[in-house]
Amino acid sequence: MEGLVTDWVGQENQATICRVTCGWKRPELSLDAVRPYWRDAHSPAIARRDGVYEYRHYPLDPVIGDLFGALDGIETAPPSDQQLMWLSDVRYRDQAGLDAFGASPPSDVKAQILADIEMIVDKSTTYLVLGDKARTLIDRLDDPAPAGPPAHPTFSVFFKQRGDEAPFRSAINDLADRWAGAPGVVRLRLNLFEIPDMEAERKAGYPVKTHPQEMQYQAWIDLTLEDATIARGLISPAEAVALGREVRAIHAYPAPAVYTFNHGGSPTLAGLRGYPAVAAIRGLNANHQRDPGLLRWMYGDVAPAAGVR
């Protein structure tokens with residue numbers, strides 16, 4: 001309907017349970033081989049599992065240690081061999097959605113999907129985010145299901161706490177609120193992590209390859225800026241001093257692409273056909289290839305009847 005405005009932030013914030021998995025590849029594998037495999041073979045399978053409300057995948061480039069300028073007393077760059085290479089963000093509307101995800105697909109098929117973890121992953125950690133501990137504060141992109149290189153510089157900013165959890169979370173909440181109101185901030189989604197529960201992951205059938213506790217993070221901000229230079233004004237020297245009382249590390253990873261494979265509970269075009277097909281369709285403006293009838297004929301009821309992004 002012409003003139004209709006959708007509250008994409010409100011829609012995104014309907015997810016109340018999030019599983020954020022990040023890690024790096026086995027050392028003998030080429031990143032150039034791992035990235036397209038994860039994007040075009042592994043992720044469409046995840047996108048079609050029951051119970052998913054949203055699924056985004058972010059390849060991550062090496063940390064930019066001086067993105068925010070000098071932050072005295074705060075580590076801004078870990079050793080190169082400890083830096084993350086990807087982040088997969090799977091969100092569920094509620095516990096029923098997470099339970100449905102755990103039961104999907106049948107165990108013999110699920111084993112084939114999980115075989116990718118054994119094949120690709122050296123280390124990874126899954127962080128749980130609950131309720132309003134995961135929330136989007138601002139999104140001016142008007143693109144709820146981005147796929148491909150971002151239109152604006154996008155960063156996954158990870159934080160490690162220095163001391164107790166409560167003052168750390170308060171400090172990160174305040175930081176997120178301040179950034180969300182800063183000129184030039186296009187998108188900001190805050191995620192405060194629970195302590196990873198490896199026993200729960202093991203019971204769910206996932207191979208446990210978690211990072212040592214010292215390398216684990218306690219928060220993540222998905223941050224998009226009009227221009228990367230804007231980051232220099234987001235933490236003043238005085239703010240860095242105050243922040244450093246609760247935060248011992250801030251690691252900003254550039255995301256060269258953002259892939260949305262499930263949006264609002266349905267696979268996207270990338271989730272159905274893979275990203276190369278999305279790029280080819282965009283290249284020729286072949287929007288008839290998005291036709292719901294065509295996609296449901298090709299993929300069955302998993303394709304949304306109302307159209308696909």
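This is a predicted model: local features need pLDDT of at least 70, side-chain atom pairs count only at pLDDT 80 or more; totals for chains, interfaces and linings use all residues.
First, the ground rules. Local features need pLDDT of at least 70 and side-chain atom pairs 80 or more, while totals for chains, interfaces and linings use all residues. Residues are numbered from 1 along each chain as its sequence is written, and side-chain values use heavy atoms, leaving out hydrogens and water.

Let's start with helix α2, residues 31–47. (Helices are DSSP runs of H or I, at least four residues; strands are runs of E, at least two; both are numbered from the N terminus.) At its start, a side-chain oxygen of Ser30 comes within 3.1 Å of the backbone nitrogen of Asp32. Further along, α2 has a kink of about 40°, centred on Trp38; the bend is the angle between axes fitted to the seven residues ending there and the seven starting there. Trp38 is also buried, as are others in α2, including Val34 and His42. Buried means under 20% relative accessible area, with a 1.4 Å probe and protein chains only.

Over in helix α10, residues 292–299, a side-chain oxygen of Asp291 reaches to within 3.0 Å of the backbone nitrogen of Gly293 at the start. After α10 comes Gly300, with a positive phi near 80°.

Now, rings! How many aromatic pairs does a search of the whole structure find? It's 11, counting Phe, Tyr and Trp rings (six-membered for Trp) with centres within 6.5 Å. Take Tyr55 and Phe261: their centres are 5.4 Å apart and their planes at 35°, so the pair is tilted, since under 30 degrees is stacked and over 60 is edge-to-face. Tyr55 sits in strand β2 and Phe261 in strand β11, 206 residues apart.

Key:
A polar contact is a pair of N or O atoms within 3.5 Å; within protein, one must be able to donate a hydrogen and the other to accept it, and residues adjacent in sequence count only if both atoms are side-chain atoms. Buried means under 20% relative accessible area, exposed over 50%, partly exposed in between (1.4 Å probe, protein chains only).
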